[in-house]
Structure formats: structure tokens, C-alpha cells
Amino acid sequence: MNERMAAFRARLGGFAFGGDYNPEQWDRRVWDEDVALMRRAGVNLVTLGVFAWASLEPEPGRFTFEWLDEAMDLLHANGISVDLATPTAAPPVWLSHGHPEVLPVMADGETFGFGNRLHFDPVSPRYRHHAAQITGALAQRYSHHPALAMWHIGNEYGPTAYTPQSAVAFRDWLRRRYGDLSALNDAWYTRFWGQRYTAWEQIDPPAVPRTWSNPARRLDFKRFVSDALLECFVLERDIVRSYRDDIPVVTNFMRFYQHADYWKWARAEDAVALDIYPDPGDDDAHVAAALNFDLMRSLRGESWLLMEQAASAVSQWRVNNVKRPGRMRLGSYQAIAHGADSVLFFQWRASRGGHERFHSAMLPHSGTASRTWSEVEALGNELPLLGAAAGTSGTAHVALLFDWDAWWGLELTYGLPRNDFDYTRLATEHYRPLLQAQYAVDLVSFDSSLAAYTVVVVPNAYLVSDRCAEALARFVEDGGTLVCSYFSGVVDPANQVRQPAYPGAFRRLIGAYIDEYWPARGDETFELTFADGTVAASDWWQESIHPETATVLARYTGGFLAGRPAILDHRLGAGRVVYLGTRLEQTALRDTLLGAVRDAGVAPVVDGAPAHVEAVRRGEFLFLLNHSDSDAAEVRVPAGVDLLTGERVGGSAVLAPLAVRVIEEIR
Ligand code: GAL
């Protein structure tokens with residue numbers, strides 16, 4: 001945690017609790033009720049002004065800060081700190097209409113016009129100019145306001161534009177990456193289909209919404225867009241820092257968000273902050289949520305901020321289910337268990353109109369006479385009991401590779417043996433058994449150090465960098481265990497098949513070569529038998545594997561590849577690689593993965609707990625969460641005190657359905 005965040009934490013003195021506050025939507029007299037109820041609910045931080053550009057600068061250069069002055073003063077007088085947003089995610093109509101070149105053009109050629117939000121081309125000089133102006137004006141006015149605790153830049157950065165100015169910026173980005181055109185032609189393998197470029201000006205964004213374009217060009221465009229958006233963040237960050245340098249600056253990330261490489265973004269911020277809306281209609285949603293939380297913690301290797309969640313239902317899906325009683329509390333503690341130092345919501349008071357008028361809020365339309373309010377108020381008053389756990393983090397001995405380059409390569413560049421890979425689903429499949437067996441897991445990128453880990457899990461890393469391939473080889477040779485699944489190590493960062501194939505980068509690592517990838521036909525399933533006689537099933541994918549130095553852990557017992565290897569075990573140096581050449585059904589994947597983890601000597605956070613119990617450690621604090629709404633669970637725990645009840649525990653603890661226990665260990 002850097003000094004800015006340490007100061008922020010000291011100021012709040014525990015967990016932050018609150019949410020987006022949009023007083024500009026309400027008459028002034030409502031504000032007094034707002035702050036009175038905020039105090040009642042234990043709110044200590046609100047995010048102000050996220051979409052307020054039109055209310056702050058109704059005409060170019062004319063600022064109307066009076067209402068914001070009053071809101072900041074009122075909040076401060078009530079002991080509530082402010083995470084002040086730059087409103088640049090919602091450019092006002094005078095900018096969109098006066099300068100239509102700020103609007104993004106989508107891949108299909110349609111202009112994304114005014115009337116929504118995020119209607120800006122991130123590389124538009126005009127957009128950036130006006131974004132810088134409102135940011136500077138805000139910073140000048142509020143940098144030293146006593147309520148200011150944090151800067152919130154923009155909101156959920158995301159637009160991609162296929163405009164002429166985007167083409168110019170893309171070419172500049174490519175020039176910086178490749179230096180000269182022949183290097184680009186080589187990297188993009190433009191000798192195929194005669195695509196050789198002879199001048200930079202000939203290169204355009206891959207706008208045509210067809211899948212048959214150059215795969216290296218598509219990949220570079222994704223990288224470029226992530227960088228272009230990051231430039232917008234950095235532009236505003238540097239402006240607010242130029243007025244005052246000791247206030248943390250963040251923006252809000254999204255769950256499994258493909259358009260921004262968050263490993264890179266996290267380094268540009270003072271803390272990672274996440275917006276997450278697990279579907280209350282999906283009983284399994286907490287698994288992917290846990291993975292996202294672990295990713296957020298891993299991005300900077302420290303605690304992070306839960307910037308937005310829903311108090312109950314959202315409004316953007318076809319059917320918006322409510323969070324049943326106890327679910328909002330459980331989900332909030334789940335985020336905390338995985339390292340969040342805040343529980344913040346979108347939003348404080350439900351909007352009467354606009355697209356999100358049915359989105360839940362801390363204070364719903366029915367006011368305090370509502371279940372949601374009661375649960376929010378109870379949580380806000382309970383959180384201070386855990387204050388000592390804020391800022392702490394745990395240690396994991398298992399790491400799971402999650403990298404945006406690997407993601408983009410697998411899903412967005414097409415022309416693969418099958419083109420329906422779902423990277424986040426595959427990562428979640430590999431993560432689930434670890435979560436449900438109560439193992440602590442960190443996420444790692446191509447550039448992460450692996451020194452702290454005993455086991456590394458690599459789900460479907462079709463594209464890997466040389467650095468990553470070398471780091472994994474060293475990790476195994478030095479005694480680590482690697483579990484790697486099919487179609488990994490195949491191409492280099494330019495999306496070219498590594499020679500000799502396959503799996504080029506990992507051939508030595510897995511101790512085998514593959515001469516053909518065999519996607520399944522339709523619903524085809526495959527039977528396989530492990531060396532110990534266990535029979536299992538797989539589907540979706542097979543490979544024609546030829547072991548070189550590996551031994552065979554399981555073979556197909558039917559179909560065209562009958563008798564051929566499906567799963568390999570390879571001893572390399574002092575370590576081991578388990579290679580899964582097919583998509584194992586859940587139980588077999590669980591047993592294989594957990595078997596490798598156990599063999600490597602890694603212990604779970606608690607022993608023998610059922611799969612619906614999540615156990616996560618933050619320093620001395622053990623979080624136990626029961627995700628079942630029908631089954632209680634008994635869990636073996638160390639001697640300690642349950643911070644939520646004050647009760648002394650030891651030996652075993654009972655968790656009622658949906659219960660949370662936070663045990664401070666006594667050593
Ligand atoms: C977030 C966004 C909020 C609100 C919320 C609804 O993505 O930042 O402004 O729209 O979703 O769930």
C-alpha cells in the first residue's frame with residue numbers, strides 16, 4: 001500500500017462504507033435527509049459527481065460549482081469523506097453536438113451518439129482537451145477541501161472508436177511498438193493474403209466486423225485501445241496530482257472486463273477498485289465473484305476497494321432478481337475476505353427516473369421502510385467490528401495465470417481449431433475446485449514473479465510471452481508444480497505459431513509434442529482411464545499427443561484416439577508438470593487438480609469443510625462464509641474470537657446457512 005492509500009486508510013480508520021451519491025438529481029431539501037440517514041447507516045465515504053459534467057459546466061467554460069460546494073460542505077460537516085469523481089464518462093450535450101468528432105464510431109460504422117454515457121472517442125484531442133479542463137477546474141477548487149479523501153477518475157473506462165483520429169493514433173502506437181514498417185510486416189505476417197504495407201498511412205483499425213482479418217492486427221488493436229483509454233486516465237490523474245499529490249487517485253474496474261489490461265492499469269493507480277454485480281438469480285455466481293476479487297487483490301498484491309455493488313437487484317438484465325435476505329451481507333463479506341477494504345454501492349438513493357430507475361440502492365424508493373434499507377443499515381453498523389482487519393492481506397501458495405494477452409489471443413483473433421473459447425469461463429472452471437476446497441489462490445500475469453508459489457495453474461494459455469514460458473520452465477525446474485490445460489503455449493505475442501509446433505513454448509515443459517488438435521464434434525464425449533484404474537469423462541477438445549519425456553497419467557479408452565494419451569505427468573528438473581489434453585468433467589478436473597496441489601504439499605486454509613463453505617485468511621483473521629441457504633456447516637477452526645459476535649471459538653465452529661464468521665486467531 002502506498003503512502004497516499006495509507007493516509008486514506010488512517011483517515012477512514014477501518015472499512016469504507018457508502019456509495020455513489022448523486023445529489024444533483026434531487027432538490028436541496030432532500031440532501032438533509034440523505035446525510036442524516038447516511039449517518040444512521042454508518043456511511044463514511046461517498047463518491048460524488050460521477051456523471052455530473054452537465055451540472056458542473058452547463059456551457060463551455062462556465063462552471064456552476066455552487067451546488068457541489070454545498071454538498072461537499074454538508075458531507076464534511078457530517079463527518080462523511082468524499083471520493084470526488086471527474087465527470088468525464090458523461091460528456092455534456094454541448095460537447096457532443098458542438099464537436100461531433102468527439103463521438104465514437106462503432107465497428108459497424110454507426111456513430112454512438114448523445115443520450116447514453118461513455119459517448120467519447122478516447123483519442124479525440126477535443127474530448128481530451130475538455131476533459132482536462134473540467135478536471136483542472138475541479139482540482140483547483142476542491143483539492144484542499146477537507147472532505148476530499150480520494151479522486152475517482154471517469155467511470156468504467158471502455159469505449160472503442162473506429163474513427164479517422166483513432167486510425168492516426170493506432171498508427172502512432174504501432175510506430176512506437178515496431179519502429180519500422182518491415183518489423184510490423186514481419187510481426188503481422190503480412191506475406192499471407194498479400195497484406196504487405198508500404199506506408200504507415202495504409203494501416204487502419206480492423207473495423208470491418210468480420211472474423212477473417214489479420215490476427216496480429218486484431219490483437220495489436222486491442223492492446224492499443226487499452227493503452228488509449230489508460231492515457232485518458234493518466235491525463236486526468238496527473239492534473240489532479242499537480243494540484244495536490246497526497247490524495248489517492250483511482251478509477252473503477254469491472255468484472256472480467258476485456259477491453260482494458262488491468263495488470264497494466266493497476267500500476268498507474270494508487271489502489272485497485274472494482275464494480276461487481278454477481279447475478280442474484282445464479283446460485284453459482286459467487287465462484288466467479290471470488291475469482292474476480294482474487295484478481296483485484298493480485299493486481300497490486302494488496303488490499304483493494306469494492307467501489308460498486310448492488311444493494312439488491314440491478315436493472316440492466318432481462319430479468320433482474322433481488323438479492324434474497326442475507327445475500328447482500330454475505331457478498332459484501334466475501335469481497336472483504338478476499339481483500340476489499342470497502343463496501344460501496346451504486347448508489348445511495350434510488351433515482352426516480354432515467355435508465356436505472358429500478359436499480360436497487362442503499363436507500364430504495366420506499367425509503368427506510370424496506371428490507372434493503374434494514375440490511376444496509378445493519379451492515380454499516382456491523383462493519384466497524386472488523387476494523388482491525390482492514391489493510392491486511394493473506395498469502396497464497398497456489399497461483400492461477402490470468403493474462404489479457406492470453407485472453408485476447410484466444411477469443412478475439414479467430415481462425416483457431418475452434419472459435420468458441422470462453423477464457424473467463426475456463427479460468428473459472430480451473431479456479432472452482434480450489435475455492436471449494438478452501439485453497440488460497442493468487443492470480444498472476446505473464447510478467448509476475450512466481451517465486452512465492454508452490455503450484456501454478458495455467459488454463460488454456462494459447463498465447464504466451466517468451467518471458468512467461470521461461471518463468472514457468474524455471475519455476476518447474478526449481479521444484480514447482482505446474483498444472484496446464486490444453487491448447488496452451490501455441491503462439492507467440494504476434495499470434496504466430498511457435499516453431500517447431502505444438503505446443504511450441506511448452507513442448508519441453510510438458511515433455512511431449514502434439515501433431516493435431518481435435519475439437520469435439522457437437523456434444524461428443526470421451527472416456528478415459530487413469531493409470532490407477534479410475535474412469536472419467538471429458539468433452540469439447542482432444543489432442544493427438546506424442547509423449548517424449550512425459551509419462552501418461554490417463555488414456556482415452558474409446559473413440560478415434562483410443563489408447564492414446566489424454567493427460568500427462570512430466571518430471572522436469574526438481575518439479576512436475578501435469579498436462580490436461582482435454583476438457584475434463586468437473587469431478588475429474590477437481591480430483592486431478594487437487595491431487596497435484598496436495599502432492600505438492602500445499603495445505604488448504606481449513607481442513608475438511610464442505611464445498612459450499614469459503615474460507616479465506618487475511619493476516620490473523622479467518623473469514624468463513626456459508627454460501628448455502630439451506631445447509632449448515634461445521635468447520636474446524638483455530639482458537640480465537642469471532643469478531644462479529646464476540647464469542648470465543650476453538651476446535652470447531654458452526655455456520656448456519658448464509659452465515660459469516662470472522663475469527664481473529666489467538667496465537
Ligand atoms: C456500473 C456503473 C454505475 C451503474 C451500475 C449499475 O457499471 O458504474 O454507474 O450504472 O453499473 O449496475
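Reader: Before that, what am I looking at?

Author: This is a predicted model, in which local features need pLDDT of at least 70 and side-chain atom pairs count only at pLDDT 80 or more, while totals for chains, interfaces and linings use all residues. Residues are numbered from 1 along each chain as its sequence is written, and side-chain values use heavy atoms, with hydrogens and water left out.

Reader: Which residues are around the ligand?

Author: The shell is made of Phe51, Arg117, Asn155, Glu156, Asp275, Tyr277, Glu308, Gln316, Phe346, Glu356 and His359, where being near the ligand requires a heavy atom within 4 Å of it.

Reader: And how many of the shell are nonpolar, polar and charged?

Author: The shell divides into three nonpolar, three polar and five charged residues. In this scheme Ala, Val, Leu, Ile, Met, Phe, Trp, Tyr, Cys and Pro count as nonpolar, Asp, Glu, Lys and Arg as charged, and the others, Gly among them, as polar.

Reader: Which distance separates an oxygen atom of the ligand from the side chain of Glu356?

Author: An N or O atom in the Glu356 side chain lies 2.4 Å from a ligand oxygen. For His359 the corresponding distance to an oxygen atom of the ligand is 2.7 Å, and for a polar side-chain atom of Gln316 it is 2.9 Å. A polar contact here is a pair of N or O atoms within 3.5 Å; within protein, one must be able to donate a hydrogen and the other to accept it, and residues adjacent in sequence count only if both atoms are side-chain atoms.

Reader: What does the ligand expose when taken alone, and what share does the protein bury?

Author: Taken alone, the ligand exposes 310 Å², and the protein buries 95% of that. These areas come from the Shrake-Rupley method with a 1.4 Å probe, and for residues only the protein chains shown count as cover.

Reader: Phe346 was in that shell; what kind of peptide bond joins Phe346 and Gln347?

Author: The bond between Phe346 and Gln347 is cis, with omega about 0°. Gln347 belongs to the loop between S9 and helix H13 (371-382), the helices (H or I, at least four residues) and strands (E, at least two) being DSSP runs numbered from the N terminus. Another cis bond joins Gln499 and Pro500, with omega about -10°, and Pro500 sits in the loop between strand S13 (481-485) and helix H17 (507-510).

Reader: Where is Ser342, and is it buried or exposed?

Author: Ser342 is in strand S9 (residues 342-345), and with a relative accessible area of 0% Ser342 is buried. Buried means under 20% relative accessible area, exposed over 50%, and partly exposed in between (1.4 Å probe, protein chains only). Its side chain reaches the backbone nitrogen of Leu306 at 2.8 Å.

Reader: Switching topic, why does the span of helix H7 agree with its 15 residues?

Author: Helix H7 (residues 164-178) should span 21 Å at 1.5 Å a residue, and its end C-alpha atoms are 21 Å apart, so the two agree. The expected span is 1.5 Å times one less than the number of residues.

Reader: What do the buried residues of H7 pack against?

Author: The buried residues of H7, including Phe170, Trp173 and Leu174, pack against helix H8 (181-187) and helix H9 (215-243), contact meaning heavy atoms within 4.5 Å. Gly179 follows H7 and has a positive phi, near 75°.

Reader: Which phi does Tyr189 have?

Author: Phi of Tyr189 is near 50°, a positive value in a residue other than glycine. Tyr189 lies in the loop between H8 and H9 and is partly exposed, at 40% relative accessible area. Asn495 also has a positive phi, near 70°, but Asn495 is buried at 9%, in the loop between S13 and H17.

Reader: Last one: where is Phe487, and what does it touch?

Author: Phe487 is placed in the loop between S13 and H17 and counts as buried at 2% relative accessibility. Leaving aside residues up to four places away in sequence, Phe487 touches a set of residues including Leu410, Tyr462, Trp541 and Tyr579. Phe487 and Thr582 are 95 residues apart in sequence and 9.0 Å apart in space, C-alpha to C-alpha.
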